[in-house]
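Here is a walk through one protein chain.

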Amino acid sequence: MSSQLRTLYNTLPLYRFVDSMPDLMIIGTAHVIDLERPLEIYIREFGPDAVALELDRERWFALNSDKRDSKGPIFLRALSRLQEYLGDTFGSSPGSEMLAGAKIARSLGAQVNLIDRPILPTLKEAWRNMPWNEFWNLIADSSISFVGGGDLNLDQSMSTGDFSKELEEFSKRYPSIKAQLIDRRDTYMSVNLVKLFRTKKYNKIVAIVGEGHLEGINRCLSSLNPRIVKLSELLQRKSNSVSFSIEV
């Protein structure tokens with residue numbers, strides 16, 4: 001068991017000393033144009049004290065300034081491209097939907113909180129722990145799939161909001177990278193959500209995360225019985241057609 005997960009489990013029993021269990025909604029999103037309306041419907045109906053975003057401070061500032069740093073060692077750039085690919089494929093890379101979530105939070109008088117792990121140390125640890133077979137897979141895929149080539153037939157997944165098949169295939173091809181870039185961040189964000197309930201005394205929190213993180217965070221926080229809103233449910237509440245922005 002990781003130290004973060006142990007901290008999480010040690011923290012949860014403290015809720016027996018409060019009058020009522022905290023109320024948590026976790027919403028899975030992706031790079032979908034104009035998700036603001038269905039997000040607003042769910043968030044307003046829930047009425048949270050706070051909205052938690054799958055962002056760290058560095059990415060929050062970059063997102064607001066619309067800047068991306070393409071410099072750095074080649075291995076970090078390769079992993080950054082992989083992180084972008086993961087985000088676009090599985091809905092785990094924050095974009096306009098995070099800005100929309102912050103905007104909605106402010107309109108309700110709810111606090112905005114950033115709960116994700118800083119991306120630079122995450123990428124560095126993924127690099128250090130990457131076995132050679134995944135390294136060569138990364139090199140091969142970087143020259144094919146991640147630069148616009150390859151056979152990425154995601155139309156069906158995009159229309160339904162279900163990326164489970166793609167995530168399963170990625171898990172088999174890149175198990176150590178998935179552990180660092182997805183699983184470890186699931187635990188990190190789960191711990192931060194618990195900390196928000198404890199330290200800031202929030203009663204109701206909405207967490208907006210990529211669809212690829214939904215299952216892992218739900219599993220970590222199952223004892224809180226969070227309400228889960230999948231990307232497919234957001235899409236169903238959209239009355240207009242859906243367009244996806246895939247950045248490779």
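Start with Ser190. This residue has a relative accessibility of 0%, so Ser190 counts as buried, the cut-off being under 20%. The model is a predicted one.

Where does Ser190 lie? Ser190 is part of helix 10. That helix covers residues 175-199. Now look for Asp116. In sequence, Ser190 and Asp116 are 74 residues apart. In space, their C-alpha atoms are 9.3 Å apart.

Stay with helix 10 and turn to its packing. Helix 6, residues 119-128, packs with helix 10. The angle between them is about 125°, and their axes are 9 Å apart. Helix 6 is therefore oblique to helix 10.

Which residues of helix 6 and helix 10 meet? Helix 6 brings Thr122, Leu123, Glu125 and Ala126. Helix 10 brings Gln180, Leu181, Arg184 and Arg185. By class, the contact of helix 6 with helix 10 has three nonpolar, two polar and three charged residues.

Next comes another helix pair. Helix 2 spans residues 36-46, and helix 5 spans residues 96-108. They pack at an angle of about 40°, with their axes 10 Å apart. Helix 2 and helix 5 are therefore oblique to each other. The cut-off matters here: angles under 35 degrees would count as roughly parallel. What is the handedness of the crossing of helix 2 and helix 5? The crossing is right-handed.

From helix 2 come Glu36, Leu39, Glu40, Ile43 and Arg44. In helix 5 they meet Glu97, Ala100, Lys103, Ile104, Ser107 and Leu108. By class, the contact of helix 2 with helix 5 has five nonpolar, one polar and five charged residues.

Now step back to the chain. How many helices and strands are there? The chain has twelve helices and five strands. It holds 248 residues, of which 50% count as buried; Ser190 is one of the buried residues.

Take the contacts between residues at least 6 apart in sequence. Of these, 86% join residues at least 24 apart.

Last, the surface. The chain exposes about 12500 Å². Carbon and sulfur atoms supply 49% of that area.

Definitions and conventions: Residues numbered from 1 in each chain as written. Predicted model: local features only at pLDDT ≥ 70, side-chain atom pairs only at ≥ 80, totals over all residues. Heavy atoms only, no water. Axes fitted to C-alpha atoms, helices over the stretch in contact; angles between N-to-C directions. Helix = DSSP H or I, 4+ residues; strand = E, 2+ residues; numbered from the N terminus. Parallel < 35°, antiparallel > 145°, perpendicular 65-115°, else oblique. Left-handed = near helix turned anticlockwise from the far one by under 90°. Contact = heavy atoms within 4.5 Å. Nonpolar A, V, L, I, M, F, W, Y, C, P; charged D, E, K, R; others polar. Buried < 20%, exposed > 50% of the residue type's maximum accessible area, 1.4 Å probe, protein only. Areas by Shrake-Rupley, 256 points an atom, 1.4 Å probe, with all protein chains shown as cover.
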